[in-house]
Amino acid sequence: MPRPIELWYWPTPNGWKISIALEEMGLAYEMKPVNIGAGEQFSPAFQAISPNGRMPAIVDPDGPDGRPLSIFESGAILQYLGVKSGKFYPQDPRGKAEVDQWLFWQVGGLGPMAGQTHHFRQYAPALIKDQRQIAYGVRRYTDETHRLYGVLDRRLADRDFLAGDYSIADMASWPWILPDHQGQSLDEFPHLAAWMKRVGERPGVIAGRALGEALRGNLAASGRSAEAARKVLFGQRAR
């Protein structure tokens, strides 16, 4: 029997990518919580797995050569899991290129830009008293996220999924579409809205999105615990 993959995880959009993939692919896994609000991502033990000090990361005890293999960065993890399972990641050159370009679009564009939108719209107001100091950041990243929603909407106008069949590209982008947190309305993007519903109704997506939900805290909240978590998460410098 294959041993379960260790999923080093916290319930955030980047974490959901991998929990969704593991559920969709039917791979056995064991969640290893990494409390990012408490700074567990900076522990030497975790950084031995994820040198960037960010989750998610995985450890496959049954790597390709029979030895344990650790992988960090969500895009690399998705590719590895797709190859290991033989699911949702075509290996013919044309199909692979189609998936890869949308996977990297999410990793390099949608994720970082939507993440900055979250920061300036949700968290910065609790950090900076003079809201005029964050107004440009709010506008800049909200507008860029709107543009990226438009890219998806155009792409999905004549297809059900981003790269032909349902794939790891869809698993990567779906968790990052959070219009209520990003100052957006899906009413403007009907093809994106239909895709969100289509993907969101899949049992594997439902299960992966729900993983560890009780662990989540509200980083935008008032109070000492939320303030302490913000100090851990924001403003980190090289150690």
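**Entry 1**

I started with E30, which comes out partly exposed at 38% relative accessibility. The cut-offs I use for that: buried is under 20% relative accessible area, exposed is over 50%, and partly exposed is in between, with a 1.4 Å probe and protein chains only. This is a predicted model, so I take local features at pLDDT of at least 70 and side-chain atom pairs at pLDDT 80 or more, while totals for chains, interfaces and linings use all residues. Residues are numbered from 1 along each chain as its sequence is written, and side-chain values use heavy atoms, with hydrogens and water left out.

E30 pairs with K32 in a salt bridge, with 3.5 Å between the closest N and O atoms. For the term, I count a side-chain nitrogen of Lys or Arg within 4 Å of a carboxyl oxygen of Asp or Glu. K32 is partly exposed too, at 24% relative accessibility.

**Entry 1: other salt bridges**

How many salt bridges does the structure hold? I get 15.

I picked out R155 with E98, where the closest N and O atoms are 2.5 Å apart. R155 sits in helix 5 (residues 135-155) and E98 in helix 4 (residues 93-127), so this pair ties together parts that are 57 residues apart in sequence. Helices here are DSSP runs of H or I with at least four residues, strands are E runs of at least two, and both are numbered from the N terminus. R155 is buried, with a relative accessible area of 15%, whereas E98 is partly exposed at 25%.

Next I looked up K197, which bridges to E201 with the closest N and O atoms 2.6 Å apart. K197 is exposed, its relative accessible area being 53%. I also found a network: R140, E144 and R147 are joined by salt bridges that share partners.

**Entry 2: helix 3 against helix 4**

Helix 3 (residues 74-85) packs on helix 4 at an angle of about 150 degrees, and the axes are 10 Å apart. My axes are lines fitted to C-alpha atoms, for helices over the stretch in contact, and the angles run from 0 to 180 degrees between N-to-C directions. The two helices are therefore roughly antiparallel to each other.

Which residues meet here? From helix 3 I listed G75, L78 and Q79, and from helix 4 D100, L103, F104 and V107. Contact means heavy atoms within 4.5 Å. The residues of this contact divide into 4 nonpolar, 2 polar and 1 charged. For those classes, Ala, Val, Leu, Ile, Met, Phe, Trp, Tyr, Cys and Pro are nonpolar, Asp, Glu, Lys and Arg are charged, and the others, Gly among them, are polar.

**Entry 3: the loop between helix 3 and helix 4**

Two residues of this loop went into my notes. F88 is found there, and F88 has a positive phi of about 65 degrees although it is not a glycine. Y89 also lies in the loop between helix 3 and helix 4.

Is Y89 buried or exposed? Y89 is buried, at 6% relative accessibility. Leaving aside neighbours within four places in sequence, Y89 is in contact with Q79, G82, V83, K96, V99, D100 and I168. I also checked Y89 against A48: they are 41 residues apart along the chain, and their C-alpha atoms are separated by 28 Å.

I looked for cis peptide bonds and noted one joining M55 and P56, with omega about 5 degrees. P56 is in the loop between helix 2 (44-47) and strand 3 (57-60).

E73 has a positive phi, near 80 degrees, in a residue other than glycine. E73 belongs to the loop between strand 4 (69-72) and helix 3, and at 40% relative accessibility E73 counts as partly exposed.

**Entry 4: helix 5 against helix 8**

Helix 5 and helix 8 (residues 190-200) pack at about 80 degrees, with axes 7 Å apart. That makes helix 5 roughly perpendicular to helix 8. In the contact I have Y149, L152 and D153 from helix 5, and P190, H191 and L192 from helix 8. Those residues divide into 4 nonpolar, 1 polar and 1 charged.

**Entry 5: Q106**

At 1% relative accessibility Q106 is buried. Not counting residues up to four places away in sequence, Q106 touches K17, G111, P112, A172, S173 and W176.

Note on methods: Angles under 35 degrees count as roughly parallel, over 145 as roughly antiparallel, 65 to 115 as roughly perpendicular and the rest as oblique.
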